Each structure stands twice: as C-alpha cells, then as structure tokens.
Amino acid sequence: NVGVTLGETGEPRAVVLVAVEEGSEAARAGLAPGDVVLEVDGTSVTTLEEARARLGGALGTDVLVVFARGEAKRAVRIPREAVRR
C-alpha cells in the first residue's frame, strides 16, 4: 500500500527501491529508486517478504520507513494509499 516497486540485492542482502510511483505519497515523502530500505515501523528488513509484509496495511494509516541513500540515512512517515498492482 505504498507506491513503490521493491527489489533485493545479493550478499549482503538488502531491499532496494526499483521504482517509485509518480505522484504517490512515497514520491512526495522523497523516496527514490536506488534507496535501500533499512527499517519499516522500527523493524529491520532484509528480504522482499519482510518489507512487503510491513509496508502493507490499512489505507490511510502511516508507515515509518528508514532508508539509506549513499552514506546518508533518513526516516520518513508515509500514509498508505491504494496503489495499482
């Protein structure tokens, strides 16, 4: 329910953003392709399954995403929304 497409790297395993839906809450929050998802709602994620399970939820509720872009880490709160699959 967050407008992103996820991918997974090899070793070390990490979840990366492959695409961010234009005009989505995720895009407005500043997420961009290439960002590495570190935590979702305070829990570390290292697999696609973990990230998908934590990003999903009731429409209109917020999810806190901690991500890395290069050496910098940031945290953003993103409202969940209806997204196309």
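Predicted model: local features only at pLDDT ≥ 70, side-chain atom pairs only at ≥ 80, totals over all residues.
A residue counts as exposed when its relative accessible area is over 50%, as buried when that area is under 20%, and as partly exposed in between. Keep that scale in mind, because Ser44, with a relative accessible area of 52%, falls on the exposed side of it.

Let us begin with the overall layout. The protein chain has 2 helices and 6 strands, and read from the N terminus the elements follow the order β-β-α-β-β-α-β-β. The radius of gyration is 12 Å, close to the 12 Å that the globule rule gives for 85 residues, so the chain is as compact as a globular protein of that length. Along the principal axes, the C-alpha atoms fill a box of roughly 35 × 25 × 20 Å. Of the 85 residues, 36% count as buried. Sequence separation is worth a glance too: among contacts between residues at least 6 apart in sequence, 45% join residues at least 24 apart.

Now step inside. In soluble globular proteins, nonpolar side chains tend to be buried together. Here the largest nonpolar core has 20 residues, and those with the most contacts inside it are Val4, Leu6, Leu31, Leu55 and Ile78. The elements that give two or more residues to this core are strands E1 (4-8), E2 (15-20), E3 (36-40), E5 (62-69) and E6 (72-79), together with helix H2 (48-55).

Not counting residues up to four places away in sequence, Leu55 touches Asn1, Val2, Val4, Leu6, Val40, Val63, Val65 and Arg80. Leu55 also takes part in the lining of the largest cavity, along with Val2, Val4, Leu17, Leu31, Val37 and Val65. The structure holds 1 cavity of 30 Å³ or more, and the volume of the largest cavity is about 30 Å³. By class, its lining has 7 nonpolar residues, with no polar and no charged ones.

Next come two backbone details. Most residues other than glycine have a negative phi, and most peptide bonds are trans. With that in mind, look at the step from Glu11 to Pro12, where the peptide bond is cis, with omega near -5°. Pro12 sits in the loop between E1 and E2, and Glu11 is found in the loop between E1 and E2 as well. Glu11 has a relative accessible area of 75%, so this residue is exposed. For a sense of distance, Glu11 and Arg74 are 63 residues apart in sequence, and their C-alpha atoms are 23 Å apart in space.

The other backbone detail belongs to Asp41, which has a positive phi of about 50° although it is not a glycine. You will find Asp41 in the loop between E3 and strand E4 (43-44). Its relative accessibility is 39%, so Asp41 counts as partly exposed.

Moving along into E4 brings us back to Ser44, which has its place in that strand. Leaving aside neighbours within four places in sequence, Ser44 is in contact with Leu38, Glu39 and Glu50. Between Ser44 and Arg54, 10 residues apart in sequence, the C-alpha atoms are 9.9 Å apart.

Our last stop is the loop between E4 and H2, which holds Thr46 and also Thr47. Which of the classes buried, partly exposed or exposed does Thr46 fall into? Thr46 counts as partly exposed because its relative accessibility is 37%. Thr47 has 11% relative accessibility and therefore counts as buried.

Their contacts can be followed in turn. Thr46 touches Glu8, Arg13, Ala14 and Val15, not counting residues up to four places away in sequence. For Thr47, leaving aside neighbours within four places, the contacts are Glu8, Arg13 and Val15. The C-alpha atoms of Thr46 and Val15 are separated by 5.7 Å, although these residues lie 31 residues apart along the chain.

Terms used:
Residues numbered from 1 in each chain as written. Heavy atoms only, no water. 1 Å grid on protein atoms, 1.4 Å probe; cavity = no way out; pocket = protein on both sides within 12 Å on 5 of 7 lines; lining within 4 Å. Points joined across faces, edges and corners; volume = space filled by probe spheres on them. Nonpolar A, V, L, I, M, F, W, Y, C, P; charged D, E, K, R; others polar. Core = buried A, V, L, I, M, F, W, Y, C linked by side-chain atoms within 4.5 Å. Buried < 20%, exposed > 50% of the residue type's maximum accessible area, 1.4 Å probe, protein only. Helix = DSSP H or I, 4+ residues; strand = E, 2+ residues; numbered from the N terminus. Contact = heavy atoms within 4.5 Å. Rg over C-alpha atoms; globule rule 2.2 N^0.38 Å.
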